[in-house]
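Here is a short tour of the model you are about to see. Keep the viewer open as you read.

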Amino acid sequence: MGEVERLLTANAAYAAARANVADPRPSRRLAVLTCMDARIDVFAALGLHLGEAHVLRNTGGRVTDDVLRSLALSSHVLGVDTLVVMQHTKCGLAGVTDRELQDRTGADLGFFPIEDHAASLREDIELLTTKPYLEPVKVVAGLVYDVESGELTDVVRWERRP
Ligand SMILES: [Zn+2]
């Protein structure tokens, strides 16, 4: 069976057993940005359930223009007021340079490599908290997930002053 067929077969069982959530607004008013890394089960690691949070994923879990586009809607249209930016240990974006990734992929793109988790989380949180259109966001946390132990480290915290 090919990979797509495996997905379709699994879906038939899922659809039969699934709980429906009618409201598109995340019930915990939460959005989580994290890496696409296959070792991170975001819902399980954070104790989240269907309908509770937006989950945005890209390489590194970095704040890109596309993440900002999504969060503008999350916060203004769908009621999100708390953001979690979750990087992780053993990330493929750590310890490499844009130049190395450009050479390796042949893609002339900015890859947002991570030199230091705390520094890049601070950088990303600065980007999020200085966008005037993300004014509905009240709390941002920067965490690092350990892919070996499953533990989280609470690295940076920001709260909007009233
Ligand atoms: Zn990663």
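## A salt bridge across the chain

The side chains of Arg29 and Asp81 form a salt bridge, with N and O 3.2 Å apart; the term stands for a side-chain nitrogen of Lys or Arg within 4 Å of a carboxyl oxygen of Asp or Glu. This pair links distant parts of the chain, 52 residues apart: Arg29 sits in the loop between helix 1 and strand 1, and Asp81 in the loop between helix 3 (65-76) and strand 3. Helices (H or I, at least four residues) and strands (E, at least two) are DSSP runs, numbered from the N terminus.

Asp81 counts as buried at 19% relative accessibility, whereas Arg29 is partly exposed at 43%. Here buried means under 20% relative accessible area, exposed over 50%, and partly exposed in between (1.4 Å probe, protein chains only). Arg29 also has a positive phi of about 50°, although it is not a glycine.

## How to read the model

This is a predicted model, in which local features need pLDDT of at least 70 and side-chain atom pairs count only at pLDDT 80 or more, while totals for chains, interfaces and linings use all residues. Residues are numbered from 1 along each chain as its sequence is written, and side-chain values use heavy atoms, with hydrogens and water left out.

## More charged pairs

The count of salt bridges comes to 12. One of them joins the side chains of Arg62 and Asp124 at 2.8 Å, N to O. Arg62 lies in the loop between strand 2 (53-58) and helix 3 and Asp124 in helix 5 (residues 117-129), so this pair ties together parts that are 62 residues apart in sequence. Arg62 is buried at 2% relative accessible area, and Asp124 is buried at 0%. Salt bridges with shared partners join Arg62, Glu123 and Asp124 into one network.

Arg39 and Asp37 also meet through their side chains, at 2.7 Å from N to O. In this pair Arg39 is partly exposed at 44% relative accessibility, and Asp37 is buried at 14%.

## The zinc site

Three residues coordinate the zinc ion at 2.0 to 2.3 Å: Cys35 through SG, His88 through NE2 and Cys91 through SG. Donors are N, O and S atoms within 2.8 Å of the metal (3.2 Å for Na, K and Ca); water is not among the atoms, so sites may look incomplete. Along the chain, the zinc donors follow the spacing C-x52-H-x2-C.

Both His88 and Cys91 are buried. Lys90, in the loop between strand 3 (82-88) and helix 4 (98-105), counts as exposed at 54% relative accessibility. Lys90 is not a glycine, yet has a positive phi of about 60°.

## Val156 and its contacts

Val156 lies in strand 5 (residues 152-159) and is buried at 12% relative accessibility. Beyond its neighbours within four places in sequence, Val156 is in contact with residues including Ala118, Leu121, Ile125 and Val140, where contact means heavy atoms within 4.5 Å.

## The chain as a whole

The chain holds five helices and five strands, which run α-β-α-β-α-β-α-α-β-β from the N terminus on. Of its 162 residues, 35% count as buried. The C-alpha atoms fill a box of roughly 45 × 45 × 30 Å along the principal axes. Among contacts with a separation of 6 or more, 61% come from residues 24 or more positions apart.
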